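My notes follow in the order I made them.

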Amino acid sequence: MSDPAQWFGFKPVQSEDKEHLVKDVFSSVAESYDTMNDAMSFGIHRLWKRRLIRDIGPRANKDYLDVAGGTGDIAFKILEATEQKANVTVCDINPEMLKVGQNRAFDRGLYNLENLNWVEGNAETLPFDDNIFDVYTISFGLRNVTHINNALAEAYRVLKPGGRFYCLEFSKMKVPGIRKLYDLYSFNVIPRLGQQIANDRESYQYLVESIRQFPSQKQLELRLRQVGFKRVTHSNLSGGISAIHKAVKI
Ligand code: SAM
């Protein structure tokens, strides 16, 4: 179930190298990750994440897994929506991103919450038993995973029957008139912002390139069906700059 070729942005790389290259990106940007998200998206990523939470409709006492959860945005929103009564596990391959997330949890008074867990782990080989989560989320994470199909199969495995999968990810812009402007902004402004804010142009060059390499809305739907998911749908956000894919394990 592996992808035929691996890409690190526009560079073809060996499978075994991609994971390390991606790890280096997020180790490098971890401290400035949240500031940079606001700067390059003009805060719009917050609206997209809010929409994701609205679609999920989090409920108390349910079990949520946020994979590639990084600095905790989705976890915090699920907890907020349930008055801290949901069980939330954040899983990420990068300890530096998790550390920033844990510090943010501390600042929010959530650090000692028993129902919020931080776990280091790879989306492709999740360190969890089968059939244990009600909802699996992955927000701006799937694009960074080496073998996307393995991560989708793992999502399917850890979800309970009836469990729901949600992926928020950059996708294919559907408004042709704006596409050129979007490309111009992505390739010219974002790497420069990365240089100024994170002192790291290359990581943000990777970001914009990896967005272009990610499967289209329809291709991702197909991959979700291939690993067994049913009721697969997507909603475009901001003309397809991002999309939320939803699927159910029956
Ligand atoms: N989900 C957060 C958000 O929406 O702000 C963080 C997204 S950040 C762009 C991507 C995250 O994916 C990073 O924290 C990175 O460490 C994580 N990541 C990359 N490859 C991964 C993998 N194979 N398994 C788990 N996490 C991974």
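**Entry 1: helix H2**

I began with helix H2, residues 33-41, where Tyr33, Asp34, Met36, Asn37, Met40 and Ser41 are buried. The model is a predicted one, so I kept to its computed values. I then looked down the axis of H2. The buried residues fall within an arc of 160°, so they line one face of the helix.

What do the buried residues of H2 pack against? I listed H1, helix H3 (44-56), H4, helix H5 (95-107), helix H7 (176-198) and helix H8 (201-213).

Next I checked Ser41, which is found in helix H2. Its relative accessibility is 12%, and the cut-off for buried is under 20%, so Ser41 counts as buried. I also took a C-alpha to C-alpha distance from Ser41 to Ile190. The two are 149 residues apart in sequence and 9.3 Å apart in space.

Just after H2 comes Phe42, with a positive phi of about 55°.

**Entry 2: the largest pocket**

I moved on to the largest pocket. Its volume is about 480 Å³. I noted 31 lining residues, and the closest to the pocket centre are Met40, Ser41, Trp48, Phe170 and Ile190.

Which elements give two or more residues to the lining of the largest pocket? They are H1, H2, H3, H7 and H8.

I sorted the pocket lining by class. It divides into 22 nonpolar, seven polar and two charged residues.

**Entry 3: the largest cavity**

I searched the whole structure for cavities of 30 Å³ or more and found one. About 430 Å³ of space lies in the largest cavity. I noted 30 lining residues here, with Phe26, Ala68, Asp92, Gly141 and Asn144 the closest to the cavity centre.

The elements that give two or more residues to this lining are helix H1 (15-29), strand E3 (63-67), helix H4 (73-81) and strand E4 (87-92). Which element gives the largest share? I found that H1 does, with four residues.

By class, the cavity lining has 12 nonpolar, 11 polar and seven charged residues.

**Entry 4: ring pairs**

I ran a search for aromatic pairs over the whole structure. It finds 13. I looked up Phe128 and Phe133 among them. Their ring centres are 5.3 Å apart and their planes stand at 85°, so this pair is edge-to-face. Planes over 60 degrees apart count that way. Phe128 is buried, at 14% relative accessible area. Phe133 is buried as well, at 6%.

Then I took Phe140 and Phe170. This aromatic pair is tilted, with 4.8 Å from centre to centre and 45° between the planes. Phe140 lies in the loop between strand E6 (133-139) and helix H6 (148-158), and Phe170 lies in strand E7 (residues 159-170), so the pair ties together parts that are 30 residues apart in sequence.

Are Phe140 and Phe170 buried or exposed? Phe140 counts as buried, at 10% relative accessibility. Phe170 is buried too, at 13% relative accessible area.

Ring pairs link Tyr136, Tyr156, Phe165 and Phe229 into it.

**Entry 5: positive phi in loops**

Last, I looked up two loop residues. Glu83 has a positive phi of about 50°, although it is not a glycine. I found Glu83 in the loop between H4 and E4. Its relative accessibility is 61%, so with a cut-off of over 50% Glu83 counts as exposed.

Where does Ser238 lie? I placed Ser238 in the loop between strand E8 (230-237) and strand E9 (242-248). Phi of Ser238 is near 50°, a positive value in a residue other than glycine. Ser238 is partly exposed, with a relative accessible area of 40%.

Technical notes. Residues numbered from 1 in each chain as written. Predicted model: local features only at pLDDT ≥ 70, side-chain atom pairs only at ≥ 80, totals over all residues. Heavy atoms only, no water. 1 Å grid on protein atoms, 1.4 Å probe; cavity = no way out; pocket = protein on both sides within 12 Å on 5 of 7 lines; lining within 4 Å. Points joined across faces, edges and corners; volume = space filled by probe spheres on them. Nonpolar A, V, L, I, M, F, W, Y, C, P; charged D, E, K, R; others polar. Buried < 20%, exposed > 50% of the residue type's maximum accessible area, 1.4 Å probe, protein only. Arc of directions from axis to C-beta. Contact = heavy atoms within 4.5 Å. Phe/Tyr/Trp six-rings, centres within 6.5 Å; stacked < 30°, edge-to-face > 60°.
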